[in-house]
There are 2 protein chains.
Amino acid sequence: MSSLPLGVFDSGLGGLTVVHALREALPHEPIIYLGDTARVPYGTRSASTVIRYARACAGVLTERGIKALVIACNTVSAVAVDMLRAELDMPVIGVVHPGAHAAVSAAQAEADRTGGPPPKIGVLGTAGTIRSGAYSRHVQQLSTRFEVVGQTAPLLVPLVEEGWLTGEVPRLAVRRYLEPLLEAGAGVIVLGCTHYPLLRPVVEEVLVELTGHAVPVVDSALATAHTVRDMIAQGTIPVVKAARGAPLELLVTDLPGGFQAVADLFLGEHTPEVKQIDLVMS
Amino acid sequence: MSSLPLGVFDSGLGGLTVVHALREALPHEPIIYLGDTARVPYGTRSASTVIRYARACAGVLTERGIKALVIACNTVSAVAVDMLRAELDMPVIGVVHPGAHAAVSAAQAEADRTGGPPPKIGVLGTAGTIRSGAYSRHVQQLSTRFEVVGQTAPLLVPLVEEGWLTGEVPRLAVRRYLEPLLEAGAGVIVLGCTHYPLLRPVVEEVLVELTGHAVPVVDSALATAHTVRDMIAQGTIPVVKAARGAPLELLVTDLPGGFQAVADLFLGEHTPEVKQIDLVMS
């Protein structure tokens, strides 16, 4: 059991930022990743469609044998974590709860620093994530003292996938999405999509530009990797026994070409060979 | 037979620009439109996946009864027209051939006007369309005197779907994609994706800015509507008999909400009720 890999899936490439954070936090753990590139993006789809796709992705990974399932996609985490947790006999970790937890800590730290009430938590995400209200629900579960405001940011995923990470266009697009959050009183910003960490420098720069000071930015991908690390430290997920050479296996549902080409950027390391699989719909 | 509607399909919303042009050119013809919104966009997918999806879309429309099939999607037209033409017993019209034809006419008109050789034809399109080289092939079939250069423009579809059609960001994005085409010698620009006609004003403006003069812009959606009109005039497609009240039926594969909301913009008229259908994969 302990030698089984961590299973990670996403609608496409974005979840590789979670894999990257996992490999930094847990260098000895083997990982199997599935990107449903034939049906990316999930962010614009209805909850019922996302749940159907998520079940199929989880099925592929559990059949291959995993010890825990990490949903490295905010859109899926927003609507399908409870369903997958009920259906699967293993720990299931989404990105929304760890992101919400990190955001609450950051907002509390701001309140402690300023001596005032905590600022609102501003979430950038896809249409599906924002519409679901998932960050708001998870934050409310942690404490009713914190308020969440959401903003859809449909251009950020294509900007990242095109590698357009600097200059006027990403700056103006990020500005367009941050302005309404700041106007609504946000003082902590959550990168609520696994593509967004690649735009973190632009987000931080624009925040300084708009407010005149640094604003805490929370990366759900990073927060999720830390949650998995804690669960392994606590024994909720068994630690790998053979602590050497942690393999990384990458699966996709469309041809691997495009994926392979940009994966290095997301993963921050050389990408192993990507395999295409068929995904039978449940 | 003649009373059957024209069947039109696209990966999502974009094909509605073709429906708009068809309804202007052929106000008496009933139309049934299918947008495969559950799996949009096709533009980033492999040819084999696009062919599989296209076959399923065509199946839905032919089962409901249509007199001709219009593929209102450049990505599908680029790879699946021949296959669908071989499998279906009716006229099948893609957007690439009409677009290529209109581009050749425009380039020839430029040559006549300047007295020099014809300029190159620059095509803006999705990754799938450009990678396929379809415009180049279709232009070469018409005449070997004309050369095609292609440019992928991944940000334009999300810009259109977000309704961000004016200002700095669409201008800079369009500029980024037009510059390499002009540097390569393009003197006619083809809007090789059915979303792009909504950005036509920006494209024309940036072309004047970059070249100091007007550059002919070819709209494949419009060219396709004219081809269908000609086929009806020639009797290749039977003309509708009852020339009054041409109904428009809209089908989608994901929840209709988001589609309904932006469809008016594409269609240029009030959108009738959109129905969701299941798409059984062949």
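Author: Start with the open sheet of chain A. Four strands make up this sheet, in the order 6-5-7-8, and their pairing is parallel. Look at the two edges. Strand 6 (148-152) and strand 8 (217-219) of chain A stand there, each with a single partner strand, so one side of each has no neighbour in the sheet. From one strand to the next, the twist averages 25 degrees. Keep in mind that this is a predicted model.

Now look at one pair. Strand 5 (residues 120-125) of chain A runs parallel to strand 7 (residues 186-191) of chain A, and five bridges link them. Take one bridge as an example. Gly122(A) has Ile189(A), in strand 7 of chain A, as its bridge partner.

Helices come next. Helix 8 (residues 168-183) of chain A packs on the sheet. This helix touches strand 5, strand 6 and strand 7 of chain A. The direction of helix 8 makes about 160 degrees with that of strand 6 of chain A. Then find helix 9 (residues 200-211) of chain A, which lies across strand 7 and strand 8 of chain A. Helix 9 runs at about 165 degrees to strand 8 of chain A.

Step back to the domains. The domain assignment gives chain A two entries: domain 1 (6-94 + 224-276) and domain 2 (97-221). Taken over C-alpha atoms, the centres of domain 1 and domain 2 of chain A are 23 Å apart. Their contact takes 28 residues from domain 1 of chain A and 19 residues from domain 2 of chain A. On the domain 1 side, the elements of chain A giving two or more residues are helix 1 (16-25), helix 2 (47-64), helix 3 (74-87), helix 10 (220-233) and helix 11 (257-267). Helix 3 of chain A gives the most to that side, with five residues. By type, the domain 1 side that touches domain 2 of chain A divides into 14 nonpolar, 12 polar and two charged residues.

Pick out one residue. Pro98(A) lies in helix 4 (residues 96-114) of chain A. Is Pro98(A) buried or exposed? Count the C-beta neighbours inside 10 Å: Pro98(A) has 25, so this residue counts as buried. Leaving out residues up to four places away in sequence, Pro98(A) touches Ser220(A), Ala223(A), Thr224(A), His226(A) and Thr227(A). His138(A) is 40 residues from Pro98(A) in sequence, yet their C-alpha atoms are 9.1 Å apart in space.

Now the whole of chain A. This chain has 11 helices and 10 strands. The radius of gyration of chain A is 18 Å, close to the 19 Å that the globule rule gives for 282 residues, so chain A is as compact as a globular protein of that length. Along its principal axes, the C-alpha trace of chain A spans about 50 × 40 × 40 Å. Of the 282 residues in chain A, 54% count as buried. Take the contacts in chain A with a separation of 6 or more: residues 24 or more positions apart account for 77% of them.

Last, the second chain. In chain B, 19 residues are in contact with 19 residues of chain A. Helix 7 (156-161) and helix 8 (168-183) of chain B are the elements that give two or more residues to the side of chain B touching chain A. Helix 8 of chain B gives the most to that side, with four residues. The residues on that side of chain B divide into nine nonpolar, four polar and six charged.

Methods. Residues numbered from 1 in each chain as written. Chains lettered and ligands numbered in written order. Predicted model: local features only at pLDDT ≥ 70, side-chain atom pairs only at ≥ 80, totals over all residues. Pairing = 2+ DSSP bridges. Axes fitted to C-alpha atoms, helices over the stretch in contact; angles between N-to-C directions. Contact = placed C-beta atoms within 7 Å. Nonpolar A, V, L, I, M, F, W, Y, C, P; charged D, E, K, R; others polar. Domains from an automatic or database assignment. Rg over C-alpha atoms; globule rule 2.2 N^0.38 Å. Buried ≥ 20, exposed ≤ 12 C-beta atoms within 10 Å, placed from the backbone.
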